[in-house]
2 protein chains.
Amino acid sequence: MNPTYQQLKARLAEIADLHHAAALIGWDQQVYMPPAAAEEHGNMLGTLGKIAHEKFTSDETGKLLEELKRDLPHLDPDSEEYRLIKITAKDYDRATRVPAEFVVEQAQVTAIAHQAWAEARARSEFGLFQPHLEKILDLVRRYVTFFPPADHPYDTLLDNFEPGMKTAEVQAIFEALRPRQVELIRAIGERPQVEDSFLHLQYDEKTMWDFSVEVATAFGYDWKRGRQDPTVHPFCTSFGVNDVRITSRWVPDLPFALLFGTMHETGHALYEQGVGLQWNRTPVEGGASLGLHESQSRMWENLVGRSRPFWEYFYPKLQARFPSQLANVSLDQFYRTINKVQPSLIRVEADEATYNLHIMLRLEIEIAMLEGKVAVRDLPELWNAKMQDYLGLTPPNDALGVLQDVHWSGGMIGYFSTYALGNIISAQLWEKFNSTHPQLEDEMRSGDFSALLSWLRAEIHQYGRKYEPQELVQRVTGESINSAPYLRYLQKKYAEIYNL
Amino acid sequence: MNPTYQQLKARLAEIADLHHAAALIGWDQQVYMPPAAAEEHGNMLGTLGKIAHEKFTSDETGKLLEELKRDLPHLDPDSEEYRLIKITAKDYDRATRVPAEFVVEQAQVTAIAHQAWAEARARSEFGLFQPHLEKILDLVRRYVTFFPPADHPYDTLLDNFEPGMKTAEVQAIFEALRPRQVELIRAIGERPQVEDSFLHLQYDEKTMWDFSVEVATAFGYDWKRGRQDPTVHPFCTSFGVNDVRITSRWVPDLPFALLFGTMHETGHALYEQGVGLQWNRTPVEGGASLGLHESQSRMWENLVGRSRPFWEYFYPKLQARFPSQLANVSLDQFYRTINKVQPSLIRVEADEATYNLHIMLRLEIEIAMLEGKVAVRDLPELWNAKMQDYLGLTPPNDALGVLQDVHWSGGMIGYFSTYALGNIISAQLWEKFNSTHPQLEDEMRSGDFSALLSWLRAEIHQYGRKYEPQELVQRVTGESINSAPYLRYLQKKYAEIYNL
């Protein structure tokens, strides 16, 4: 095999090891770090990040890539070698376009902005965050100038999270969905609400944890290559395909958050555990995009974990674990309750039917900010107006409104839409698989998810980052990313639950 | 301050971060790693070790050191700067003398030798390990040739673990002690043995764990800068002065191993947590030597943790936790039992009075091997003869004899004597502190170890690697390392317990 390619791969493997080590330190930070060790961890992460960046952006990497790019016309565009070179070259281009001084400035600005945001949110005072967000917006505008002009400056930001996706595409997908989703929520709002008091009784943490382990195991999570630990913020992290860990959070007032959170993180973990071994320790490891990743977590959490067939199998088991809370709650009641729809102010607590509207609002605001069509100081007003339009609610204060999310304080503009794209893609994949494998519901009724996982492995997981999101969804479903299946899914599900 | 010195420190800080990250990955490997993730961890450790080595042995480091060494005559030899440069220059010299190909060959030979040793021990067949040990001995002899001739070739090996110590010094220290220690054990052997059946009753793991936490807390272990987790092999590890972790092992048949193991690892951890902040992220962080480190672990485990004053305070607490096992066992009985002396075959299970003899035997054999005075094939015979001489026992097979320890299979020749030096130094420090602070026993009787810890912090811990072992012990006690205090300690303690 091409020795230049081997040299590149050896280099990339070391860089991947550094990223894996940093991820492990990050995991430790969230899970087991003693309280006074934050600085030690910061030092380790700083050094590993610096060395990985230096190695990746070095002239040696550049020369290897230049040489290899000349071979591309002679390679099969679907081959491992072709894709690895293309993806690495794109990453290299992105990493080398942004000057080191800019990265340092960005780190400084966002470190201060993050603190200001936390204080602003605690006091519910947008004015404290406003000047910092203005600086971040300025940084983001400068960031865009390091790249060749795109159809829309927001494309450059989006590409960091959804490679290849265009702002116009996302807008079109969301535009097609938004009015129908708003309509659905209004219709639900006119129906009698489901009763959910039994969800808020006292549940035992250990019993819920054990049940969530049972579910993750049934989904196919490989415990030999992972583990689950308690944290404040649940997440999934990976140090290579053979070590993919999840964390879960216990909130006594929201006992089922642990269960659905575990399903969600298991969805992410199944993706990472399924990436082909040939991509391990290369830039092609991991998922195709944040949206694709979210399509997996949301599929296992919602399309599987909030479905009736799933609970036909698991509800008796749950009842057996919690007889005093659930013995008198029927499957039907339980199913309706975990699918209760109620517009609310906070994105991370939103239900399946309202979640996307929280995202659309954020995308529209980000684009308006970037285009200069709204001043930062006017964000609270715009936010509240859109909340009223889409969800029929007006936040009583900015902490419950424009200040609720951490993303902007870290300079992450362009990120939010990946959450909604995840929901949308999950339904496209789901519809496709069900059309070729109509026995899926029956399999779920007997607790068997192996055919679903095998299909996801074969169609999505094994490829890692090999295909960009649009290309991958097109390959699997024959269609580009679109919201029709998701809308059909929502309409069918809630028509039944709310007798629409 | 000297900009070259600042450059060196910045470089060394990054190298320290890489070592800390590797230590954290090593901790994870022992404590929480999923079973199939060994290769991922091996990759991370390999890359971090390689980069740290490259950075440290690079010409840039060499040039900075050359320049700084020229300034040494103008610096106070006791200053931070002088010592850091000296120690780093010595480490650099050692790291650059050994050719990279040799390191690779050594890694290969020892990887295979380790497996062969494990199999040889499992089958109790020294012949399976013999050819590998011969290769390792050959490597060790070649290793010595990379260094300037010393008084004895073993000095070069010893210097890796006890900087500055000479083989002749260690031999003299051990020679002065061995006949007296053998004599003591014989005298004890003639006395009626203490009864220890209550140590082998069933004890609850969680209760013993909680008690060990109580003891570690009383010793002064800072939980904000550390934590304790269960492992198969107990150890202490550090990722900088603010993150020093210990692990403990639960063996149902040896319930008190968890407690004394925790005391031991806490002793190591108190040392690491006490190193001066100015040494953090430099080569001067950590302990002066393995022997000094062991002096701390053994002091807390034995001189404190197996003392009568300690148990006058803690025994009622232990009884309260284990009433069914200990209610009818008097403090005196308990104290005698945890100090029971009985010659045995296995070093790691040896009691305080016999432990050093296991070490002396190993040192003598290592030196004889290196000098060519014994052939590898004759080791079992030599081992067994010495066991009979020193401890009055003959191993029934090689698994319980010459094959019991892992060290040689990893190429670690020169390591063993640090264990005995630790015991010896611990008694020197103990005697010194008690002579200036006679109220220590009374303080221990009320569970107060703060004066002891403060003294160790001021006299030992804060200096990290600043002083070599002999220099440090001389500074603190006014004497060079010698076994007289340890012998006095053993004789006094066991005269009382065994009515000698």
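Mentor: Let us begin with confidence. This is a predicted model, and chain A has an average pLDDT of 96, with 100% of its residues scoring at least 70. For the model as a whole, the scores are ipTM 0.93 and pTM 0.95.

Trainee: What rotation and what shift superpose chain A on chain B?

Mentor: The general idea is that two copies of a chain are related by a rotation about an axis and a shift along it. Here, chain A is superposed on chain B by a rotation of 180° with 0.0 Å of shift along the axis, at an RMSD of 0.0 Å. The two copies are therefore related as by a two-fold rotation axis. In chain A, the C-alpha nearest this axis belongs to A:Ala21, at 3.6 Å from it.

Trainee: Through which surface do the copies meet?

Mentor: Of the interface residues of chain A, 100% are also interface residues in chain B, so the copies meet through the same surface.

Trainee: Let us turn to a single residue. Is A:Met263 buried or exposed?

Mentor: The count of surrounding C-beta atoms decides this: a residue is buried if 20 or more others lie within 10 Å of its own. A:Met263 has 24 other C-beta atoms within 10 Å, so A:Met263 is buried. A:Met263 belongs to helix α10 of chain A, which covers residues 255-273.

Trainee: Which residues does A:Met263 touch, not counting those up to four places away in sequence?

Mentor: With those set aside, A:Met263 touches A:Val215, A:Trp300, A:Glu301 and A:Gly305. Consider also A:Ser212, which is 51 residues apart from A:Met263 along the chain; the C-alpha atoms of these two residues are separated by 7.5 Å.

Methods:
Residues are numbered from 1 along each chain as its sequence is written. Chains are lettered from A and ligands numbered from 1 in the order in which they are written. This is a predicted model: local features need pLDDT of at least 70, side-chain atom pairs count only at pLDDT 80 or more; totals for chains, interfaces and linings use all residues. Copies are superposed by least squares on the C-alpha atoms of residues with pLDDT of at least 70 in both. Two residues are in contact if their C-beta atoms, placed from the backbone, lie within 7 Å. Helices (H or I, at least four residues) and strands (E, at least two) are DSSP runs, numbered from the N terminus. A residue is buried if 20 or more other C-beta atoms lie within 10 Å of its own, exposed if 12 or fewer, and partly exposed in between; C-beta atoms are placed from the backbone. pLDDT is the predictor's confidence in each residue, from 0 to 100.
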